[in-house]
Amino acid sequence: MNAPVLVLKDSLKRESGSKVHHANIQASKAVADIIRTTLGPRSMLKMLLDAGGGIVVTNDGNAILRELDLAHPAAKSMIELSRTQDEEVGDGTTSVIVLAGEMLHVAEAFIDKNYHPTVICRAYNKALEDAIAVLDKIAMSIDVNDRATLLGLVKSCIGTKFTSQFGDLIADLAIDATSTVGVDLGQGLREVDIKKYIKVEKVPGGQLEDSKVLKGVMFNKDVVAPGKMRRKIVNPRIILLDCPLEYKKGENQTNAELVKEEDWAVLLKMEEEYIESMCMQILKFKPDLVITEKGLSDLACHYLSKAGVSAIRRLRKTDNNRIAKACGAVIVNRPDELQESDVGIGAGLFEVKKIGDEFFSFIIDCKDPKACTVLLRGASKDLLNEVERNLQDAMSVARNILKNPKLVPGGGATELTVSSTLKQKSSAIEGIEKWPYEAAAIAFEAIPRTLAQNCGVNVIRTMTALQGKIWDAYNVKAQTFKTAIEAACMLLRIDDIVSGIKKKQAPGAGKAPSKPQIETEADADSEQILPD
């Protein structure tokens, strides 16, 4: 009689061996094929339905992949690549996916010939080192103070985007914004924090040409008492707080026992005196504008408006930080700790304007702002969202150049140069690593080939005649090569996929726990038996 064998079912699914390699490669190629047509200046747009039911129209690789919900782990890993590229350098999000997909595609032939994935990865890593060496060799340094060169470079990098039809507009906005917030760290290094100190404010209406970079900040707030407080102040003295200008409330429920009728009046008087003393500590420094992140009571509003001071309450922390950077103020936690040096005197004008149906406060004409707001105008929200995505990419490119002022030829010329150099070097490599190394060299041709296909030109003729007429940022290219090859190596080295996710029961199915199934050895031949 055959001995019974215990087989675990449903709770743990497992695939292994070359089947996994093929599945991973197919999933990665599928992701690359989704966004392949969005690479280049004549690329197609994708229309996506997002989770909230809204529509997104874009050709930005990262924006497209962000909306996809894919089940295969290798496909999810590819989507992460695009996000990493976007966070690190802000450009090349489509190129990195196309290149990684091609690297895995050319590796498939070696998996079929029983090459060990480690051998292929070693060859790929060697190819990556040599590719970065080629980049260093052909890179050209530029002067970051030459605006015309910067403009040409940013334009070439966003030439593949939807807003390329608006000429220099987006490139100008990006260069102005990043130049404003750049901080010199010494030794020729510059730090440009575009996430913290550049705010993009989208206001529907008007024309795209009305968009501009403000020498200061704007935010969607009005003064607390519009009738009593000034809405326009020239050369304002600004105090920034992150404490409430109202009576302190108890942490939880507070009980007060009043014995005499007069005690109620005493209690109210104490509250009033507390608020009055806070306001007097602020008014001692003769401010024109007080901004707090927390609440501001009616009584405090009365004292401030009586002194001719405008006030804004419940401002976001991020906006408050930008105002501090723009006008030179210091955010204070308690009014009794205020000093003259905490007062911001760098702003030239405070003004509240009505745009459309809403009021916006402007703190502009700052002397040396280290934060700014980009005001975008346009016909619709969809247009503004796409312009904002393109502007973020343009600012990332400008930041990359300011941080590392080196250029390499664009338009696929760099990839062709790397490819031909690696092909020549492959003849000197000995052993079985020679063939995967040569395949990696051929994979680099995927970028110029895809660009030519998307432009609708003769692919072979164009690739042979391709020369560096466009320039790309060095940082973007180097990051694209590193991310694509390292990701391809990681996916190639996966030989097992184990899923611990239980299958969902159909509605109305019985909730009794499933018993382990006993099978004989004859029945278990085709099952994957887990070791003890």
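The structure described here is a predicted model. Val20 belongs to helix α1, which covers residues 18-35. Val20 and Ile497 are 477 residues apart along the chain, yet 7.1 Å separates their C-alpha atoms.

**The sheet**

Two bridges join β5 to strand β19 (residues 406-409) in the antiparallel sense. In one of these pairings, Met140 has Leu407 of β19 as its bridge partner.

**Two helix pairs**

Two packed helices are described by the angle between their axes and the distance between the axes. The table gives these values for two pairs.

| Helix pair | Axes come within | Crossing angle |
|---|---|---|
| α7 (residues 169-181) and α12 (residues 381-403) | 8 Å | roughly 50° |
| α9 (residues 261-283) and α10 (residues 298-306) | 10 Å | roughly 35° |

The crossing angle of α7 and α12 is roughly 50°, and these two helices are therefore oblique to each other. The crossing of α7 past α12 is right-handed. On the side of α7, the contact is made by Ile170, Leu173, Ala174, Ala177 and Thr178. The residues contributed by α12 include Val387, Asn390, Leu391, Ala394 and Met395, and also Ala398, Arg399 and Leu402. By class, the contact of α7 with α12 comprises ten nonpolar residues, two polar residues and one charged residue.

Helix α9 likewise passes α10 in a right-handed crossing. Which residues of α9 meet α10? They are Glu272, Ile275, Glu276, Cys279, Met280 and Leu283, and they meet Leu299, Ala300, Tyr303 and Leu304 in α10. The contact of α9 with α10 divides into eight nonpolar and two charged residues, with no polar residue.

Terms used
Residues numbered from 1 in each chain as written. Predicted model: local features only at pLDDT ≥ 70, side-chain atom pairs only at ≥ 80, totals over all residues. Heavy atoms only, no water. Pairing = 2+ DSSP bridges. Helix = DSSP H or I, 4+ residues; strand = E, 2+ residues; numbered from the N terminus. Axes fitted to C-alpha atoms, helices over the stretch in contact; angles between N-to-C directions. Parallel < 35°, antiparallel > 145°, perpendicular 65-115°, else oblique. Left-handed = near helix turned anticlockwise from the far one by under 90°. Contact = heavy atoms within 4.5 Å. Nonpolar A, V, L, I, M, F, W, Y, C, P; charged D, E, K, R; others polar.
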